[in-house]
Amino acid sequence: ISDREYDEKLEELAELEKNFPQFASQDSPTKRVGGEPVEGFKTVEHARPMISLANSYDVEDIRAFGQRARKLLPDQEFSYVVEPKVDGVAASLRYENGILVQALTRGDGRKGDDITENIRTISSIPLKLRLSPAPEVFEVRGEVYMTRTGFQKLNEARETEGLSVFANPRNACAGSLKLLDSREVAKRPLDAVWYGTGELQ
């Protein structure tokens, strides 16, 4: 459908939810952008620790890692996948019965900041999983990032408004996720990629 039709349907849905709040669901598209700014972020413990990835710049490091893995798990076969690193902000999303209920930053690996309202503004992140039946608990982990093109457009807009520009896409992304007003986060060109899991039930 066209953007205009979509906006009209969204307005109609928002009106219905206002008149019949008992039918408003947590995964409604009207929940993409939150209400009033929050005062601060709540710190929440991860269900499972969120360990940081280690860097390697040398093929010998990779071989040594392989040897350690085979020594620790002698009966396992290993295969490796190499992919470009997305330089963003580590995050963990928690779905319960298919509904997004929480998003946390990595923080110190044991506890992270609750950035759920800001994550909801990223249109590529589903508020409801298309799984039937949905797992009771499903955590995905990965990176929230900003593309170079999006970063460039954001900086151009900030320059036009007389605001300071961001130094790089990663800083712009991190700063965006820490905004206390999710309406402002919704204006930022954020996306995400997920490559791991946390708690699964």
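This report describes pockets, salt bridges, a surface patch and local backbone features of a predicted model.

## Basis

The model is predicted: local features need pLDDT of at least 70, side-chain atom pairs count only at pLDDT 80 or more, and totals for chains, interfaces and linings use all residues. Residues are numbered from 1 along each chain as its sequence is written, and side-chain values use heavy atoms, with hydrogens and water left out.

## Largest pocket

The largest pocket has a volume of about 1500 Å³. A pocket is found on a 1 Å grid over the protein atoms alone, as an open set of points with protein on both sides within 12 Å along at least five of seven lines; a cavity is a set of points where a 1.4 Å probe fits but cannot get out, and lining residues have an atom within 4 Å of a point. Grid points are joined across faces, edges and corners, and the volume is the space filled by probe spheres set on the points.

Lining the largest pocket are 36 residues, with Leu53, Ala54, Asn55, Lys85 and Tyr195 nearest its centre. Two or more lining residues come from each of H2, E2, E5, helix H5 (169-177) and strand E6 (190-200). H2 gives the largest share, four residues. Helices (H or I, at least four residues) and strands (E, at least two) are DSSP runs, numbered from the N terminus. By residue class, the lining of this pocket holds 19 nonpolar, seven polar and ten charged residues. Here Ala, Val, Leu, Ile, Met, Phe, Trp, Tyr, Cys and Pro count as nonpolar, Asp, Glu, Lys and Arg as charged, and the others, Gly among them, as polar.

## Largest cavity

One cavity of 30 Å³ or more is found in a search of the whole structure. One lining residue of the largest cavity is nonpolar, three are polar and two are charged.

## Salt bridges

The whole structure contains 13 salt bridges, each defined as a side-chain nitrogen of Lys or Arg within 4 Å of a carboxyl oxygen of Asp or Glu. One of them joins Glu139 and Arg94, at 2.9 Å from N to O. This pair links distant parts of the chain, with Glu139 in strand E5 (residues 137-146) and Arg94 in strand E2, 45 residues apart. Buried means under 20% relative accessible area, exposed over 50%, and partly exposed in between (1.4 Å probe, protein chains only).

Asp181 and Arg183 form another salt bridge, their closest N and O atoms lying 3.0 Å apart. Asp181 counts as buried because its relative accessibility is 16%, whereas Arg183 is partly exposed at 33%. Glu184 and Lys187 also meet in a salt bridge, at 3.0 Å from N to O. Glu184 is partly exposed, with a relative accessible area of 34%, and Lys187 counts as exposed at 57%. Through shared partners, salt bridges join Arg94, Glu96, Glu139, Arg141 and Glu199 into one network.

## Nonpolar surface patch

Phe65, Leu72, Leu73, Phe78 and Tyr80 make a nonpolar surface patch of about 540 Å². Patches are made of residues with over 30% relative accessible area and no salt bridge; like charges are joined within 9 Å, and nonpolar side chains (Val, Leu, Ile, Met, Phe, Trp, Tyr) within 5 Å. Accessible areas come from the Shrake-Rupley method with a 1.4 Å probe, and for residues only the protein chains shown count as cover.

Tyr80 lies in the loop between helix H2 (59-72) and strand E2 (89-96). With 46% relative accessibility, Tyr80 counts as partly exposed.

## Backbone and loops

Most residues other than glycine have a negative phi, and most peptide bonds are trans. Asn97, which is not a glycine, has a positive phi of about 50°. Asn97 sits in the loop between E2 and E3 and is exposed, with a relative accessible area of 54%. Ser132 and Pro133 are joined by a cis peptide bond, with omega about -5°. Pro133 is in the loop between helix H3 (116-119) and E5.

Thr30 belongs to the loop between helix H1 (3-19) and strand E1 (43-45). Thr30 is partly exposed at 22% relative accessible area. From C-alpha to C-alpha, Thr30 and Ala14 are 6.3 Å apart in space, while 16 residues separate them in sequence.
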